[in-house]
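Dear colleague,

I am passing on the structure we spoke about, and below it you will find my notes on what turned up. Please read them alongside the coordinates.

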Amino acid sequence: MPRFNISADDAQGPLVVGIDIGSGGTRAAVYDVSGREVGTRHHKEAHSFTVADDGTSTIDADQIVQEIRDALAVVLDGELPGEVRGIGFDTFASSLVAVDEAGAAITPCITYADTRCHAQVDALAATLDVADLHERTGARLHSSYTAPRLTWLREAHPEVFSRTDRFMALGEYVALKLLGTPALGTASAAWSGMIDRRTGEYIPELLEAVGVDLSMMGESLDPSDALPITGTPLAAEFPQLEGAVWLPVIGDGLAANLGIGALGAGTWGISTATSGAIRQLLDTEIPALPSGLWAYRFDARRTLVGSAMSDCGRVLDWARNELDIPFEIAETDTKSLFSAAPTAGTPLVVPFFSGERGTKWRGSSRALFANVGASTTAEDMLRGAMEGVALSFLRIADQMREAGGEPERIVLSGGMTEAIPAWLHLLSDALGAPIDHVAVSRSTMRGSAVMALEQASPDTTVAEVPVLRRVEPVAAHTAYYRERLERFEKLADLA
């Protein structure tokens, strides 16, 4: 995948720094005013989550702070081709760190993947109006969000809960340590599932239900509420940042859309990594949010709307591991397999290997295969599984159209599509729309930089991300996927 960079000699200021905290590492890079990486000024500090059989998924928050320092030391070293005016920052969404009165973390960062609060999800659902909360917060009552985690922490670790002065998202804690001031972006606060998507205020009933005072939660800040770095510990450590501002943290989903160029209200951004998602930035009111979507407030004007699935690239991994499919996928003629016209004999697959998220959010669901016969081949199973992924996107797309209408453009990126680009024929046919597969490495990090450029150089238009390939739908295949979707939904109800 091209890095979409520009040489230091050609770079033009103002410069910004993008920082991305993902599940596999901390990354930083310098970008010029066009939104392209400057030369080789990028660096990654690898890390991994601490996991356990009880559902634990955590990482040391202070380790992340140090990784950012180390990454900045690399990318800011030497003479820069301009002045750094802004730092954009994203993390994996939905994180929680308990912080004491002295500003020290007294828990590890609990990540989005931590499932120890499943029982608390059920308990809260029994006492709260779940549908009303979804409409107001734009989020489901789910183990990925903050309310059940707070309840779990209060019940499972009361001594820690009683010592807590503030509950922070990871990015908010990082700002506290580097700047001396916590900075929680509205988009990150929205990922807690505890703020009103229309007002940005915390939901009183949720705070009461989890036993947390409003003063213990961070105020949500829009990107325009950027913090000056001058006079902070970060400026003392890196004088190159003295004239820059620090933008409040956002979630990686929003950053991914910004990074691949899904900026306008008419554009859908699709991610096809281990998991998958469709997202759209809307600047209009959504009177009634479809039940399968989430809607996260970005700022006073914009909302990120979409939904996600746990199993996208993971379906390809399963096929490699469990079917007679070569691990080196290039050894399989996927171009012929996925470009061929659909047939009624293809297995119908509900690919919920890790449970269902969008659109019905049934976490206990599992994968199902139908229409499998004695003559079914491994390639047929792979085709059916990838059609199942396309149908998973289609059911989300139908609700996206309810919320924001037909898209004017669809842009897509992700490692799975890099591995088997021919599968886009299935997705384009299922959605009944053309898809632009765009080329940009580390789209989330670039998205954070693009957000910083909105503040550092608001009148500048960033360079358009190059399109690797454009796939057009075959109109004659639309009816096949519509009929398949009806059967998919019936089968999914059994999963």
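**Cores and sheet**

In this predicted model, the largest nonpolar core comprises 60 residues, and those with the most contacts inside it are L150, F167, M194, V212, M217, I250 and L254. The element that gives the most to this core is helix 16 (residues 443-456), which supplies six residues. If neighbours within four places in sequence are set aside, M217 is in contact with L150, R166, F167, M194, Y202, L207 and V212. Apart from this core lies another one, of 57 residues, which has W268, F338, L431 and A433 among its members. As background, nonpolar side chains in soluble globular proteins tend to be buried together.

Turning to the strands, an open sheet is formed by seven of them in the order 18-19-17-16-22-23-24, with mixed pairing. Its edges are strand 18 (294-297) and strand 24 (467-471), each of which pairs on one side only, and the twist from one strand to the next averages 25°. Strand 23 (residues 435-438) and strand 24 run antiparallel and are joined by four bridges, with I435 standing opposite V471 of strand 24.

With best regards

Key: Residues numbered from 1 in each chain as written. Predicted model: local features only at pLDDT ≥ 70, side-chain atom pairs only at ≥ 80, totals over all residues. Heavy atoms only, no water. Pairing = 2+ DSSP bridges. Helix = DSSP H or I, 4+ residues; strand = E, 2+ residues; numbered from the N terminus. Axes fitted to C-alpha atoms, helices over the stretch in contact; angles between N-to-C directions. Core = buried A, V, L, I, M, F, W, Y, C linked by side-chain atoms within 4.5 Å. Buried < 20%, exposed > 50% of the residue type's maximum accessible area, 1.4 Å probe, protein only. Contact = heavy atoms within 4.5 Å.
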